[in-house]
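Subject: Structure handover

Hello,

Here is the structure I said I would pass on. My notes on it follow below.

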Amino acid sequence: MPNQDLDAMLAGALRKSSKAQATAPEAEPAEPLGPKRCGYIAIVGKPNVGKSTLLNALVGQKVSITSSKAQTTRHRITGLRTLGATQFVFVDTPGFQTRHGNALNRSLNKTVLGAVTDVDLIVFVVEAGNFHSADAKVLELLPKNIPVILLANKLDMVHRRAELAPWLAEMQQRHPFAEFVPMSAKSAKDVQRFYAICEKYLPEQDWIHDADDLTDRSERFMAAEMVREKLFRLTGDELPYTSTVIIDKFEEEGKLRRIAATIVVERDGHKGMVIGDKGEKLKRIGTEARQELEKLWGGKVFLELWVKVRSGWADDDARVRSFGYE
């Protein structure tokens, strides 16, 4: 294909995306205009391509935790956004795991496969200009009967957008994508125009959730996730990804929440990493998680954290299920 044709294709995708921005709803009207639409949109991709960041941006509030650790998202997280007459039900999924075959990763992959079989639209997220074997393995999983949007994320990291043209041509040979959307999940304008791109794929039907709902996950679940995010962010690569968090107590007294949680690690040495010198690391994890939860819920939070060793739990199917993984 001539280079000028490829450049035109890329320019067309950018213009199409910009045109959608002009029609994208920016605020919820008091009463929906036109027929109601509602549908499920699965966000899939290999680890660390920005799926959770995208979900949070689309919802307008943090509902999915993020960190540089590849296996941060472990559950099917639903984020909701109602704009005008349309309710978007975004489903964030774990990155498909290919490096480890333990019980935990089998559970994560099962979650991914379950999420893409019963949705109205799939958003396949890759880094703009890149496509690796891990991306290819995710693409192979996608059903043929559901439209797929190729979302080229992290466009802000591409210095010369014209260089995307040959990459786009290659991607079009890999799968019959419904649309190609170059964008950055960190750009508010890009996120606004993405609503209009997705909207036309959703069926006309009543909303599934209340208009002001942001997620279908419970506060108890969000508490565990927030502690796990701070755990991963503050321990970095020192702590293996198999660490997890269990909520032992969750009590509400008006706007006050009293929470007790256990951080589960696989070795005694990992326990020391989490606790830190004189307990400073564990204290910081608790403080940052508490502050984030208070901001999320708009009320006071008392949070107690403990650390326990459960050797080999990630290789034990029964233990993985008991810890809340599907």
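The model has five aromatic pairs, where rings of Phe, Tyr and Trp (its six-membered ring) pair if their centres lie within 6.5 Å, and planes under 30 degrees apart count as stacked, over 60 as edge-to-face and the rest as tilted. One of these pairs is phenylalanine 88 with phenylalanine 90, which is stacked, at 5.8 Å centre to centre with 5 degrees between the planes. Phenylalanine 88 is buried at 0% relative accessibility, and phenylalanine 90 is buried with a relative accessible area of 0%. Buried means under 20% relative accessible area, exposed over 50%, and partly exposed in between (1.4 Å probe, protein chains only). Ring pairs also bring in Tyr195, giving a cluster of Phe88, Phe90 and Tyr195.

Note that this is a predicted model: local features need pLDDT of at least 70, side-chain atom pairs count only at pLDDT 80 or more, and totals for chains, interfaces and linings use all residues. Residues are numbered from 1 along each chain as its sequence is written, and side-chain values use heavy atoms, with hydrogens and water left out.

Overall picture

The protein chain has 10 helices and nine strands. Helices (H or I, at least four residues) and strands (E, at least two) are DSSP runs, numbered from the N terminus. Of the 326 residues in the chain, 52% count as buried. Taking contacts between residues at least 6 apart in sequence, 74% join residues at least 24 apart; contact means heavy atoms within 4.5 Å.

Three strands make an open sheet with mixed pairing, in the order β7-β8-β9. Two strands pair if DSSP finds at least two bridges between them. β7 (244-253) and β9 (301-309) are at the edges with a single partner strand each, so one side of each has no neighbour in the sheet. On average, neighbouring strands of this sheet are turned by 15 degrees against each other, direction ignored. Angles run from 0 to 180 degrees between N-to-C directions, and axes are lines fitted to C-alpha atoms, for helices over the stretch in contact.

Strand β8 (residues 256-265) runs parallel to β9 and is joined to it by nine bridges. Isoleucine 263 has valine 307 in β9 as its bridge partner. Helix α9 (residues 280-297) packs on this sheet and touches β7, β8 and β9, its direction making about 140 degrees with that of β9. Helix α7 (residues 219-235) also lies across β7, β8 and β9, and runs at about 135 degrees to β7.

Helix α8 (residues 268-275) packs with α9 at an angle of about 65 degrees, and their axes are 5 Å apart. Here Met273, Val274 and Ile275 of α8 meet Glu280, Lys281, Leu282 and Ile285 of α9. By class, this contact has five nonpolar, no polar and two charged residues. In this scheme Ala, Val, Leu, Ile, Met, Phe, Trp, Tyr, Cys and Pro count as nonpolar, Asp, Glu, Lys and Arg as charged, and the others, Gly among them, as polar.

Loops

Lysine 278 lies in the loop between α8 and α9. Its phi is near 55 degrees, a positive value in a residue other than glycine, and lysine 278 is exposed at 79% relative accessibility. Lysine 154, in the loop between β5 (148-153) and α5 (164-174), also has a positive phi, of about 60 degrees, although it is not a glycine. Lysine 154 is partly exposed, at 28% relative accessible area.

Serine 311 is in the loop between β9 and α10 (317-322) and is exposed, at 63% relative accessibility. Serine 311 and glutamate 266 are 45 residues apart in sequence, but 4.3 Å apart in space, C-alpha to C-alpha.

Strands β5 and β6

β5 and β6 pair in the parallel sense over four bridges, with isoleucine 149 opposite glutamate 179 in β6. In a regular strand the side chains alternate between the two faces of the sheet. Strand β6 (residues 179-182) is covered on both faces: Glu179 and Val181 on one side, and Phe180 and Pro182 on the other, are all buried.

Cysteines

How many disulfides are there? A disulfide is a pair of cysteine sulfur atoms within 2.5 Å, and by this rule the count is zero. Cysteine 38 is buried at 0% relative accessibility, and cysteine 198 is buried with a relative accessible area of 0%.

Regards
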